[in-house]
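Q: Can you walk me through this one? I'd like to go a piece at a time.

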Amino acid sequence: MKIFFLLTFSTIFLTSFEQASASAHYDKILTHSRIRARDQGPNVCALQQVMGTKKKYFSTCRNWYQGAICGKKATVLYECCPGYMKMDGMRGCPAVAPIDHVYGTLGIVGATSTQQYSDMSKLREEIEGRGSFTFFAPSNEAWEQLSSEIHRNLVDNVNIELYNALHHHMINKRMLTKDLKNGMTLVSMYNGQKLLINHYPNGVVTVNCARVIHGNQIATNGVVHVIDRVLTPVGNTIQDFIEVEDDLSSLRAAAITSDVLDILGRPGHYTLFAPTNEAFESLPRGILERIMGDKVASEALVKFHILNTLQCSEAIMGGAVYETLEGNTLEVGCDGETLTVNGVKMVKRKDIVTSNGVIHLIDKVLIPDSAKQVIELGGAQQTTFTDLVAQLGLASSLRPEGQYTLLAPLNGAFSDDTLQMDQRLLKTILQNHIIKVKIGLNELYNGQELETIGGKLLRVFVYRTAVCVENSCMVRGSKEGRNGFIHVFRQIIKPAEKTLHEMLRNDKRFSVFLSLVKAADLDDVLSRPGEWTLFVPTNDAFKGLTDDDKDILIRDKNALRNILLYHLTQGVFIGSGFEPGVTNILKTIQGGKLYLKTVNDTLLVNELKARESDLMATNGVIHVIDKLLYPADLPVGNDQLLTILKKLIKYIQIKFVRDSTFKEIPLTFYKINIIESNVQPIIRKEEPVIKTYTKIIDGRPVEVTEKKVTEERIIQGPEIKYTRITAGGSDNEEKIKKFLEEEVTKVTKFIEGDGHLLEDEEIKRLLQGAGTEYTKVTKVIEGEPQIIEREIKKVHLEEAPVRKVQANKRTQGGSTRRRTRLAYS
């Protein structure tokens, strides 16, 4: 028996659950209201009433737990659910409300004014008789809110005006709330007038934007839904309303200019937030003229005021985001009885219902980002940047027809010292935050270079959860305007000016570390182009290190390189680019691992706090630490070295394995790229010129014929980079090192002098350390094609027989001289 009862109960429960799931939003919210009031007895529903008003709602979970509707505190009421009633002496609402015809049901639900007007207009007989009707009955308060003029016209002509008005609230068939689908259009019983139905996810059902406050009161000949206002006929479209409304002439002009007005004449379910003439007049004249003179901007402006959904004011119980026809979103909310747009009270008149939507009149013009100039995109957190750009004359260089990207630091990034700088220097800093092209967030990639209007190249670094430009990383808030993007950054961007080596050399804090780097022959690595992250201990990290200790370290080059290269990793890693609180594992050049994370904006390296981070170099980034780093898993096999390391490193236990040695780390982790490009010149020959003349040779006249041939070898531009290597006997080691650091480009011809072009084997020897007798010259040819060689050959043709030329003889001075003798037969 128990099993049978459980099965029966489960079946009933699941069936009711499926029915609730299949029902409309109104019925689901009503079900939740029943659940909330279950302690009050059967068939009791919990409602929320906005304090200071008579407005009551079957509320959503969000409003219920917030205890507020439209930002106003709401009290909880318990009432009988629709269709039920109380019984004396009994808890809850155990009785079913009596079922009567529509006229009688009007009295049951308390719509006594509608019942009275039905009697006055002779509608009573119809709604007491046979049929199946749906009556959207205005509440008593709704009739009281009707303007006195309209109310008087209805009462003065009850047989026509009032009768027709009531018929406009009726449909000639029964429709429960579950049948009232969102976007549905019904035909009323008066002159075929339309009734626009909206059924929202929060359970609100509206008819021409009047809210159903008590639904589904079943009658023998239909159903009654009580609504909160009296319906007025609608026949015009939104376009029709704009065209005749004097207070919307500015909006009308903008809609015509942008070809948007016709859209508002088409069938649909639109919401228009219509700025009045006064709203347009409050705009700065220059901005309004610019937007109205730009069809793309004016179209974006008008479309930004239009939603492709119908949002009645009574359906809005809290903030919600809606997409506009322009593509961006508006947040529509409420504050008590007032609608808000993007959090601002601006609605002067609401719920002007048309055949294809609803209009709310607003007293401000909403300007979308897409209609703004890039400098206008700055928000409240970027006002320091935008104000400085304007004050220093940079705003005028951002032409409306141009394309730009602003990298705008937050207000807090500008210290007092920065703001008190010389204006010329400050202007240079700001120029480093303006990119010459329009580039969005999704177009940025790691390793990208962005050119500023000041001519600087800024590097882009992309990490898992961050995008950074040089030392500064983005925060949320990127926007696209008419002529560019704006991206928001945490700090002022500081382009790198020096290499890692130059930065160490110029900062006395790093003198000990730099001396060890030089001793390990690693200073070339820090001077070459590349992408490195270097963790640099200050001199404080080497306190207690004697000269003898230093000599011991230097003598063991493998040990020294292992220690130093544990501070170096491939790639540029900005501290603010790391996801906060998450450990990031970096492999060092030494082979060990570094563990990095940021906590409270402080970078931790192997749990050691960095003193300073994100010092940008042209070939990487420096993070300053006050301890020498050492891989915990790397053993030491030398007693002297162990003693030295224990002096410097006290935060970990260094392993000692007798006679263990450090691995050799050859300097092959960075390489010289040899780029060979054979630039084949174009050879242009001129027509030969033949001359005949007489020469006196050995006192005798000789007739000579000479042919002159001119050849030009041309390299075609616009830019050719080439390398010329000549034998010069130079022993300048700095030049040799510089050569090894740069790319070698091979060409087939030199511009000047007698050149010796190195073959592949010679280049290999040079890179392996040979070749101190070589120097290198690099030139760039720009612009038009250049003549790189002009050769004139002269060939002498003589009629007289010529003797063979004798072999060259070396003169006493060691130079070569060529002698030619002519003989005659």
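A: Start just after H5, where Lys 122 takes a positive phi of about 65°. Helices (H or I, at least four residues) and strands (E, at least two) are DSSP runs, numbered from the N terminus.

Q: Before going on, what kind of model is this?
A: It is a predicted model, in which local features need pLDDT of at least 70 and side-chain atom pairs count only at pLDDT 80 or more, while totals for chains, interfaces and linings use all residues. Residues are numbered from 1 along each chain as its sequence is written, and side-chain values use heavy atoms, with hydrogens and water left out.

Q: OK. Which residues of H5 are buried?
A: In H5, residues 112-120, they are Ser 113, Thr 114, Gln 115, Tyr 117 and Ser 118. Buried means under 20% relative accessible area, exposed over 50%, and partly exposed in between (1.4 Å probe, protein chains only).

Q: What do they pack against?
A: The buried residues of H5 pack against helices H4 (102-108), H6 (124-128), H7 (140-145), H8 (148-156) and H9 (158-167), and against strand S7 (133-138). Contact here means heavy atoms within 4.5 Å.

Q: Switching to rings. How many aromatic pairs are there?
A: A search of the whole structure finds four. One of them is Tyr 117 with Trp 143, edge-to-face at 4.6 Å centre to centre and 65° between the planes. Rings of Phe, Tyr and Trp (its six-membered ring) pair if their centres lie within 6.5 Å; planes under 30 degrees apart count as stacked, over 60 as edge-to-face and the rest as tilted.

Q: What does the Tyr 117 and Trp 143 pair tie together?
A: Tyr 117 lies in helix H5 and Trp 143 in helix H7, so the pair ties together parts 26 residues apart in sequence. Tyr 117 is buried at 10% relative accessible area, and Trp 143 is buried at 4%.

Q: And Phe 573 with Phe 578, what sort of pair is that?
A: Stacked, at 6.4 Å centre to centre with 10° between the planes. Phe 578 counts as buried, at 8% relative accessibility. Ring pairs also link Tyr 463 with Phe 573 and Phe 578 into a cluster.

Q: Last topic, the sheet. In what order do S16 to S19 run?
A: These four strands form an open, antiparallel sheet in the order S16-S17-S18-S19. The edge strands, S16 (320-323) and S19 (344-345), each pair on one side only. Two strands pair if DSSP finds at least two bridges between them.

Q: Which residue stands opposite Val 344?
A: Val 341. Strand S18 (residues 338-341) and S19 pair in the antiparallel sense over two bridges.
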